[in-house]
Amino acid sequence: MKGIASQLAFFVRGRARQNLKVLLIYFAFLLVMMLTYATVFRYLMWHTEGREFSFIAGIYWTITVMSTLGFGDVTFHNDIGYAFSGIVTISGVVFLLIILPFSVVTLFLAPWIEQRLRYTPTLELPANTHGHIVVFGLDSITRLFVRKLQGRNMNFVIVTQDYDRALKLEEQEGLKVVYGSPTDAGVMRHLRVESAQYVVANLSDPENANICLTLRSLCDTPVVALVGDPEHQVLLQQAGANHVIAMPHILGRFLATRATTKGAMAHVLDTFGALQIAEIPVNGTPFAGMTLAQSQIRQKTGLSVIGLWKRGQLTIPTRDTILDDESLALLTGSSDQLKSLEKLIGDPDEDDLIFILGHGHIGCAAARFLERKPVPFVLIDRSENSVCTRHQPILGDATSRQILMDAGIERATGVIVTTNDDSTNVFLTLASRHMHPDIRIVARANSDENVDQLYAAGADFVVANASVGTSILMNLIDRKASVFLSEGMNVFKRGVPVALVGKDIVSSELRDTLGCSIVALKYPDGHMDTSPEPTAVLEPGVSMLLIGSAEQEKAFDSRYPHSPKKKFAE
Ligand code: AMP
Ligand code: ZN
């Protein structure tokens with residue numbers, strides 16, 4: 001079925017689409033011609049022979065004569081009629097039996113056959129290929145991932161056993177493809193896996209396990225597997241995967257931590273030795289509405305507020321920035337410092353209640369995360385989740401206002417919008433915002449193209465599946481040369497450039513001139529200052545941990561090209 005669909009798809013793309021229009025115009029011309037003949041037939045029959053025929057009979061006569069079938073059951077018996085029948089037969093031969101098949105062949109069949117004959121899929125990579133990334137399974141995550149690799153001029157190859165997919169990816173999208181079965185050891189050898197930099201397994205969980213086992217029988221190349229079901233994580237590790245990424249789990253956690261409004265504990269995004277980077281919603285904390293200086297977070301806990309997220313925008317705060325109710329604060333410091341912040345904020349408020357719209361893989365993962373906090377939640381899904389026996393969601397379509405009202409949405413403090421359909425997610429965001437202007441809405445974007453729409457519909461935070469997945473993959477490939485915080489924001493590590501040696505953080509003017517800021521300093525003896533004072537001096541041999549966008553990171557590197565890039569483990 002899929003094969004037929006992809007064949008038919010050929011006829012509605014590019015040149016073929018133009019040709020299809022020409023053909024449709026031709027059909028319209030034939031139709032008008034036949035209707036005219038049927039009308040003339042009835043007129044002549046009535047006026048020359050006094051016989052009356054219905055319009056359907058006229059059409060029937062025209063078809064049998066034009067197609068040269070000529071059953072002979074309805075015929076003229078006079079000269080005008082004979083002449084007319086002759087004209088109809090000849091035009092039928094010309095327009096129906098010659099021009100029509102000819103145009104179908106030249107406009108569609110010939111280009112289709114030509115394309116298939118011309119395309120010979122690549123079956124193996126050159127023997128000297130090395131340092132490439134082998135990708136099994138192309139979905140929205142790996143598609144964005146290979147686009148990023150292209151942007152960096154890194155070598156990759158996509159493996160598919162679908163001939164038409166290979167043709168489409170290679171011929172139309174210009175991607176490097178090898179055609180073959182992903183679990184065949186011979187194909188693996190042809191992919192030169194032993195000299196590859198990384199293998200990304202992104203098919204079904206059983207296929208991924210098979211890929212890992214086949215690969216391990218050949219070489220030690222690191223492999224990262226993306227699992228659908230978090231419970232399969234251990235199996236894939238046993239099969240030889242070096243990293244297993246459980247996307248539903250990660251996305252569920254991202255959504256859940258950003259949805260809790262009050263008393264939610266700081267959520268650690270990443271750790272670099274002693275340094276932790278965490279997020280905390282401002283709402284419900286004693287600092288809400290204060291400026292950063294008034295909050296005294298640094299004085300009371302030792303933590304630095306390095307960023308403020310609001311509606312998808314990250315700003316780097318100054319002393320006078322107001323800690324807005326609707327924002328999330330991005331903090332750095334040690335785990336003890338985070339604990340003292342949690343103490344300062346106090347116990348979770350009891351009236352926190354989160355609505356989770358969609359109880360699929362991701363919604364279920366979000367619910368499990370909230371359970372651990374614990375934060376109460378209500379799940380709504382239009383169908384049962386076959387893999388979850390733990391939760392009992394309200395069954396119903398979340399787009400129905402009645403369902404949401406009956407479930408008590410007016411008591412909710414946050415909503416997690418996580419269906420598998422982005423239009424539904426946009427609609428649910430709009431509806432939740434309309435019903436509840438103050439609620440915190442966190443939405444999932446299945447496609448990156450819908451992120452802006454979700455923000456426009458009123459979401460406070462949008463978590464885009466593909467961006468999150470791609471960033472995790474990129475960080476693995478980079479072995480953490482920079483760490484993704486959210487769309488477009490990285491933490492990166494560099495040695496102090498010669499030009500800045502001896503200056504303190506303020507006079508380095510990194511924030512003013514490049515926009516990125518220093519969040520930690522690591523000294524040659526291994527000691528890490530996780531909240532350096534603005535007066536801390538940049539000494540030679542010190543490593544700086546910086547936060548900034550991808551552009552700011554690039555700008556840093558072009559201004560200080562000799563500043564050594566450091567791995568986070570160093
Ligand atoms: P998953 O992609 O595994 O997270 O699944 C998404 C979930 O969203 C599925 O369980 C769907 O049944 C659910 N879903 C999709 N549309 C709606 C809707 N309009 N109302 C409620 N649930 C929905
Ligand atoms: Zn569940």
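Ile90, Val94, Leu97, Ile98 and Ile99 make a nonpolar surface patch of about 420 Å². Patches here are built from residues with over 30% relative accessible area and no salt bridge, nonpolar side chains (Val, Leu, Ile, Met, Phe, Trp, Tyr) being joined within 5 Å and like charges within 9 Å. Accessible areas come from the Shrake-Rupley method with a 1.4 Å probe, and for residues only the protein chains shown count as cover. Ile90 belongs to helix H4 (residues 79–118), where helices (H or I, at least four residues) and strands (E, at least two) are DSSP runs numbered from the N terminus. Ile90 counts as exposed because its relative accessibility is 57%; the classes are buried under 20% relative accessible area, exposed over 50% and partly exposed in between (1.4 Å probe, protein chains only).

This is a predicted model, in which local features need pLDDT of at least 70 and side-chain atom pairs count only at pLDDT 80 or more, while totals for chains, interfaces and linings use all residues. Residues are numbered from 1 along each chain as its sequence is written, chains are lettered from A and ligands numbered from 1 in the order in which they are written, and side-chain values use heavy atoms, with hydrogens and water left out.

Helix H13 (residues 335–345) has Gln337, Leu338, Leu341 and Ile345 as its buried residues. These cover an arc of only 100 degrees around the axis, so they lie on the same side of H13; the arc is that of the directions from the helix axis to the C-beta atoms. An α-helix has 3.6 residues a turn, so residues three or four places apart point the same way. Asp336, Lys339 and Lys343 are exposed on the face of H13 turned away from the buried side. Just after H13 comes Gly346, with a positive phi of about 95 degrees.

Nine salt bridges are found in a search of the whole structure, each a side-chain nitrogen of Lys or Arg within 4 Å of a carboxyl oxygen of Asp or Glu. Arg51 and Glu49 form one of them, with their closest N and O atoms 3.0 Å apart. Arg51 is partly exposed at 29% relative accessibility, as is Glu49 at 22%. Lys168 pairs with Glu173 at 3.3 Å between the closest N and O atoms, and Arg143 joins Lys168 and Glu173 in a network of salt bridges.

A further salt bridge links the side chains of Glu553 and Arg494 (3.0 Å, N to O). Glu553 is in helix H21 (residues 550–559) and Arg494 in strand S19 (residues 489–495), so the pair ties together parts 59 residues apart in sequence. Glu553 is buried at 13% relative accessible area, and Arg494 is buried at 1% relative accessibility.
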